[in-house]
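The sequence and structure follow.

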Amino acid sequence: MQRLIDRMKELLADGTVVRVLGWKKGDLGYNPEPHFFNSAEELDDFIYDGFCGANLSKYMIKGSNLEGKTLILLKPCDTYSFNQLLKEHRVLRDKVYIIGVGCKGKLDIEKIKAQGIKGITSVKGAEISGKCDELTVETVYGEKKVAYKDAMLERCHVCKGKEHKIYDELLLDSTDTCDGDRFTDVDIIEGLTPEEKFEYFRKELSKCIRCNACRNVCPACSCRKCVFDSNKFDSEQKANVDPFEESMFHIIRAFHVAGRCTDCGECSRVCPQGIPLHLFNRKFIKDINEYYGEYIAGEDAETKGPLTDYTLVDLEPGERR
Amino acid sequence: MKKFLKSELTALLNAISEKERVYLPVSNAGQTNYDIYNENSKVDLDTLKTVKSAKEVFFPQSETLYTVTKVDKKIKITQEELEKEEFVLFGVRGCDVKGIEVLDKVFLSEPVDSFYKARREHGVIVSFACNEPEESCFCKAFGIDCAEPEGDVTIYDCGEYYFWNAKTEKGEALTEKLASFLSDADEAPVKEKQQEIRKITGLLPYMNISLDSWHGEATSEKFDSPVWADIYKPCIGCGTCTFICPTCQCYDLKDYETKNGIQRYRCWDSCMYSDFTMMAHGNNRTSQMQRFRQRFMHKLVYFPANNDGMYSCVGCGRCVDKCPASTNIIKVIKAFEKEEGVK
Amino acid sequence: MNGIGVFVCHCGSNIAATVDVKKVVEMAKLEPGVVHAEEYQYMCSEAGQERIAKAIREKNLSGVVVCSCSPRMHETTFRKCAEKAGLNPYMVEIANLREQCSWVHKDINEGTEKAVILTRAAIAKVSLNTSLVAGESGVTKRALVIGGGIAGIQTALDIADAGYEVDIVEKTPSIGGKMAQLDKTFPTLDCSACILTPKMVDAAAHEKINIYSYSEVEKVSGFVGDFTVDIRKKARYVDMNKCTGCGACMEKCPSKKALSEFNSGLNNRPAIYTPFAQAIPNVPVIDPSQCLKLKNDKCGLCARVCQAGAIDYKQEDEIVTRKYGAIVVATGFEVIKLDNYDEYAYSQSKDVITSLELERIMNAAGPTKGHLERLSDGKAPKNIVFIQCVGSRCADNKGKSYCSKICCMYTAKHAILIRDKYPDVNVTVFYIDVRTPGKNFDEFYRRAVEEYGVNYVKGQVGKVTPEPNGKLTVHGVDLLDNKQLKVEADMVVLAAAIEPSPEVRNIATMLTASIDTNNFITEAHPKLRPVESPTAGVFLSGVCQGPKDIPETVSQAGAAAVKVIGLLAKDKLLTNPCTAKADELLCNGCSACANVCPYGAISYEDKLINDHGIRKTHRVAVVNSALCQGCGACTVACPSGVMDLQGFSNRQIIAEVDAICR
Amino acid sequence: MSSTNSKTAAAKIAEISGTNPLKCMKCGKCSASCPAFEKMDIKPHQFVSYVVNEDIEALAKCESLWYCLSCFACVERCPRDVKPGKIVDAARQTVVRQKGGNYLSANEIPALIDDDVPQQLLVSAFRKFRR
Amino acid sequence: MSINQEFKPKIVAFCCNWCSYAGADLAGGSRLSYPADVKIIRVPCSCRVNPMFILRAFERGADGVIICGCHPGDCHYSTGNYYARRRMTLLFSMLDYLGIERERTRVEWVSAAEGVKFSTTMNEFVSAVRELGPNRRLGDLRCKD
């Protein structure tokens with residue numbers, strides 16, 4: 001990580017960039033936050049470890065409006081989001097210098113806590129330079145050990161690969177973390193009866209508190225004003241007054257990001273109620289792949305998205321292939 | 001002091017719920033939130049913090065206030081009925097009990113909110129001492145003792161027994177109703193447990209955070225600080241912190257046209273939202289920095305200024321746990337500490 | 001908002017019989033915003049319109065709902081009426097109580113209930129309507145005619161005579177079409193070529209007409225008044241400017257195996273050829289699939305004999321892009337393939353032929369030089385049987401559901417011509433019905449029976465079997481005698497159904513003109529607008545719209561020409577004001593809308609936006625309303641609902657949904 | 001037979017045959033195609049008229065029913081998809097059903113089969129007699 | 001099977017102006033009947049139909065929603081129905097995924113000449129929705145009777 005910090009300081013010093021968009025150390029060992037570092041001194045608080053799951057690409061919408069060039073750190077999966085934002089003219093390529101950083105799988109503190117670990121004061125073993133096998137969690141109730149894999153975010157188990165799709169330079173090594181198929185869960189749900197499906201999603205969605213965290217964190221939800229905040233459409237919603245509104249919100253959100261979602265998994269990561277929101281997006285990704293051919297949003301910044309494209313022989317609605 | 005066997009809990013809950021609604025932490029699809037008890041409920045008193053706080057029992061996320069119907073071309077208004085049945089709110093932690101006290105300041109002072117008032121009058125609060133406080137907890141900073149929470153009744157979890165301590169008239173009345181389950185008990189195990197809890201409390205990183213510089217008179221000094229411009233940046237403008245907060249009380253009024261008239265309802269709103277307090281001329285606060293500042297200024301400065309020094313934060317730490325960008329009130333306080341320390 | 005007026009039309013009893021119009025009026029009055037409601041016998045009548053105008057003036061209405069027939073029928077009528085009374089025409093909405101309510105349902109309660117709901121939806125919509133003003137667009141004073149048959153030639157001549165430039169695009173090497181292949185025409189029996197070729201010459205000589213022969217339309221974009229068309233001029237391998245039309249090349253060409261298209265494949269033609277002697281342009285083309293030089297670089301004889309040096313083996317297809325104000329489709333027809341009717345032995349015997357083939361046999365320039373003879377052995381036939389309705393009027397999926405219209409008459413023509421020239425030949429015609437509506441048509445048919453002794457038998461033929469002796473047995477029935485017949489014939493002529501040219505589907509797609517299940521192009525209105533397609537600026541001439549004989553085709557061609565002239569005579573056209581519009585305050589500039597716009601009407605600008613006092617420069621979408629046709633694809637592509645369609649706005653449609661579901 | 005009965009009988013024929021007699025345009029291709037035309041008292045193209053006119057009684061009594069070879073040439077060639085052969089078939093079925101019982105049982109058949117009997121005859125015989 | 005004959009489903013039909021709306025007019029003109037439960041909303045093109053509209057209809061108590069447009073290749077705007085086809089394919093597959101019966105939503109291509117198809121389509125669709133019974137899964141409870 002020191003290599004990374006040195007390089008960032010170098011780029012700040014030679015004027016290539018005027019600020020760094022990275023992660024700032026937290027105070028509990030697992031809670032770093034996205035941060036704009038404006039000087040080399042500030043970088044003393046910089047961190048890049050297993051808990052830096054947050055996808056920084058969306059912050060570049062803001063970053064693109066700032067004076068001068070911003071250095072942004074992108075993990076392999078974040079580069080897809082960045083490309084997609086670039087395609088939609090939401091970020092400006094010439095306002096950014098991209099260091100693609102390696103990734104050994106990102107951690108989910110909820111998964112650690114779900115193992116009954118409470119009162120955490122620090123976590124060791126999450127360093128990017130380390131081997132990333134085991135975490136040592138210090139708590140007020142004693143020390144606990146957790147296998148790194150068991151604490152990894154769901155998305156890292158079905159990682160799209162550790163290749164950066166856009167960058168100016170690359171730093172730090174990655175480890176392959178993929179050990180599952182990302183459509184398994186979608187398949188399982190597709191196999192349920194309509195009653196079971198309804199029951200499953202009703203239960204999950206009933207937890208939704210309409211906090212909009214999923215939307216606001218989503219790099220594809222980059223609208224200046226969301227339809228659900230706007231009165232233009234008579235579609236404004238603020239609370240889950242009725243179960244329908246939760247379904248409506250999540251269907252429409254999934255639909256709006258269909259063909260644009262890079263499956264970065266941020267929606268599920270941030271949901272305070274642990275709703276597996278990525279399942280909606282994955283469903284669409286799976287359908288699009290099956291119906292219209294393999295398509296990975298954000299693989300590049302040019303290809304037309306599947307919903308703004310067509311072929312003469314597309315599947316009819318309701319037909320299955 | 002009374003006590004009952006932990007194994008008797010279900011029977012006790014069944015007994016209450018025969019006559020009255022019981023709200024308590026229930027696990028649903030992997031998350032624990034307050035819900036109405038029934039025999040199939042997966043009661044979860046072990047999870048320290050429900051995702052949403054207990055405030056929604058008195059101040060639901062959305063509720064209809066009145067309905068407007070049209071009879072020919074005339075308009076008729078029907079007010080929604082107020083709460084008139086007794087209910088029990090069971091298993092509330094100390095911070096959430098305090099949160100209700102904060103809400104009382106808002107809704108029970110003039111003009112009184114009749115919907116809230118009716119619910120408060122009909123609800124009995126059974127609180128729960130925290131055996132295992134967590135790293136994000138900082139109730140102590142607000143003078144809350146999680147080993148000895150307020151409430152009509154307080155329950156302490158000690159070994160195979162729940163100890164039961166009625167503290168108010170309402171609590172006594174409930175105790176009487178449940179007399180068959182409760183036996184007299186010695187305070188000693190409770191005291192012992194409380195010692196244990198307080199020891200842990202001392203070890204937790206946030207519990208002793210200082211609020212000295214935060215008070216009703218700090219308005220201009222804090223408002224104009226350059227710190228805000230830096231610390232707000234990670235904020236993504238979602239409403240997670242507000243909606244899980246036990247004290248946030250802002251709401252919006254909206255209309256919904258149903259087949260049988262137009263319902264006017266209120267629903268929680270978040271000062272973090274870009275369309276909060278949207279008016280014809282636009283928004284009061286035009287940047288996320290201003291919105292971010294508003295939330296913490298309100299919790300730690302404006303509210304105490306108007307409520308005899310009472311903060312509208314109770315240190316439950318939910319926002320610390322749940323913020324998507326890992327920014328929170330603790331980070332704000334610490335940032336100011338650093339800035340002011342530098343000065 | 002001053003208030004909405006609701007006008008419920010009885011349409012005589014068309015609506016009133018199934019919808020309680022008084023109830024509709026009563027219910028409409030209860031809707032919010034409605035200040036006036038009335039019913040009347042015929043709202044579209046002058047008196048009806050006057051009622052609407054009066055209410056608009058007197059009650060100062062801000063919106064009008066007319067509950068009447070389909071908006072496709074009278075929306076324009078009522079809009080004009082509103083405009084005259086001082087209301088913006090786009091403040092009028094129609095509740096379709098006739099085509100979509102009273103005519104569909106029988107029960108008056110059901111009908112009335114639905115009518116009330118439809119009216120409610122229209123009221124909900126109109127209360128959100130905004131005044132719209134039509135824009136203007138220019139007119140390119142040039143017309144394109146696709147197809148160079150009699151329909152296309154006549155349309156082109158009529159347009160050109162009015163002083164406008166016309167281009168004809170013909171896919172074959174010569175104009176002339178099917179009529180050029182005909183021997184004689186009914187009922188006058190004049191020589192087809194004698195009346196057609198002067199018209200072909202006129203077209204070629206006309207200074208306003210430009211013929212793209214051996215060419216096809218490749219791409220069409222734009223809209224009424226301003227179409228841009230790519231025309232592919234297929235390589236002829238002969239320089240049009242140098243060729244003198246001497247024909248030496250055709251004579252010398254050693255490759256003579258190709259079947260002559262013009263002679264319906266009954267004889268051969270060389271690889272370098274003009275379809276027929278009177279071809280226009282009289283410049284041959286080289287068929288690359290037959291030419292030895294082009295196929296394997298041998299031969300080259302034609303280049304050597306051509307004194308003008310017109311042969312150019314290196315010629316390539318050329319794309320010409322031109323602008324047009326109007327497009328006429330005159331793509332004509334083909335005879336259907338007879339694969340599904342093998343019971344008539346068309347594929348088994350050379351002596352079973354189609355009527356079009358008979359035309360060529362009868363023609364002096366045809367494969368038999370006009371002698372009636374069997375193609376199998378060249379002998380003169382003694383007995384000829386005609387079978388009508390082969391592939392027409394079929395309800396199964398083998399043939400066409402429609403009547404091909406021309407067969408009865410040309411069969412009578414053939415029968416008369418044969419009996420006239422060869423009185424010893426017996427002619428039997430098996431028919432289902434003989435249809436002769438047309439001037440002098442029935443008289444013509446009767447002459448075949450009465451003067452020429454043609455034997456007409458009512459009853460469809462079951463099958464034709466070729467016999468070992470070279471004859472054909474026709475297994476028929478005489479329904480009037482209730483007898484089965486076995487007729488021995490030397491030749492059987494099938495009146496095969498006609499169908500639109502196969503290219504029409506592709507052309508219709510390019511023009512966004514709709515076609516029916518039989519591939520005929522749909523007219524804008526079956527009765528009132530028979531020569532226009534629903535797509536503005538696209539007109540129909542000839543059989544592409546439906547089966548027609550020559551005089552009908554010529555009249556339709558003229559009518560289409562008049563419509564084109566009417567359009568080209570205008571300097572400006574009013575454009576549809578129901579176009580898309582972006583709210584630049586909230587636009588993300590993400591390009592989703594531009595990606596789906598079929599007209600390239602959306603571009604992006606960096607604009608200084610004032611959001612309640614905060615000024616920022618944003619990349620925002622800008623719609624060119626002259627190009628936008630109002631499909632609305634962009635409105636759905638836009639994730640933030642910023643792009644909206646005027647006249648069909650999100651709020652308006654949602655209001656309709658709400659009103660219907662209430 | 002009362003008029004309601006003949007109505008239901010006609011409807012029954014239409015239902016069993018799966019055809020719509022009203023689609024017939026009286027072209028006669030069925031009769032032209034029919035190999036048993038000469039023997040028939042009611043000709044194939046007339047079948048539909050009997051159904052349309054609800055004169056099922058006459059149809060049931062006619063000889064044509066039993067002369068029809070079920071070769072289905074008419075069905076194959078009918079341009080209107082009316083399938084006169086199916087109408088005859090349906091009429092036969094109603095008659096056979098009324099008589100009750102089968103003329104042949106499955107077990108009796110093998111013994112009766114001549115080696116020279118063409119397959120088609122066998123099938124049509126079944127169609128005709130075994131209901 | 002007991003189908004509640006009393007159940008009168010609410011059916012919203014979005015019809016494109018150029019083909020299906022004209023097809024519906026032709027059905028009327030040809031006096032071909034279909035249930036009065038069907039109410040048509042005219043849109044310029046099937047591509048104008050926002051998934052929001054469909055959900056809105058269900059929210060407000062519709063039991064079925066059908067979208068009719070020109071046949072693929074015949075769109076008045078050349079390509080509108082191709083986009084509609086993809087959008088609706090995905091939307092329907094999401095509804096299905098959430099347990100909303102697929103039979104409640106449908107896309108049909110009906111040309112201006114297909115009055116018969118319009119009427120048979122509507123008859124079929126309405127009876128399919130009738131068989132399913134009222135829409136209880138997707139809809140706002142506040143909008144129920």
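Which residues does E:Val12 touch, not counting residues up to four places away in sequence? In chain C they are C:Val657, C:Ile660 and C:Cys661; in chain E they are E:Lys39, E:Ile41, E:Ala57, E:Ala62 and E:Val65. Contact here means that two C-beta atoms, placed from the backbone, lie within 7 Å.

The model is predicted: local features need pLDDT of at least 70, side-chain atom pairs count only at pLDDT 80 or more, and totals for chains, interfaces and linings use all residues. Residues are numbered from 1 along each chain as its sequence is written, with chains lettered from A and ligands numbered from 1 in the order in which they are written.

E:Val12 is among the residues with the most contacts inside the largest nonpolar core, together with C:Val6, C:Val64 and C:Cys67. This core has 330 residues. A nonpolar core is a set of buried Ala, Val, Leu, Ile, Met, Phe, Trp, Tyr and Cys residues joined through C-beta atoms within 7 Å; a residue is buried if 20 or more other C-beta atoms lie within 10 Å of its own. Helix 3 of chain E gives the largest share of the core, 10 residues. A second, separate core has 120 residues, including C:Cys407 and C:Tyr431.

Between the two chains, 45 residues of chain E are in contact with 44 residues of chain C. On the chain E side, helix 1 supplies the largest share, six residues.

In chain C, 16 of the 19 residues of helix 5 are buried. Helices are DSSP runs (H or I, at least four residues), numbered from the N terminus.

Terms used
Buried ≥ 20, exposed ≤ 12 C-beta atoms within 10 Å, placed from the backbone. Helix = DSSP H or I, 4+ residues; strand = E, 2+ residues; numbered from the N terminus.
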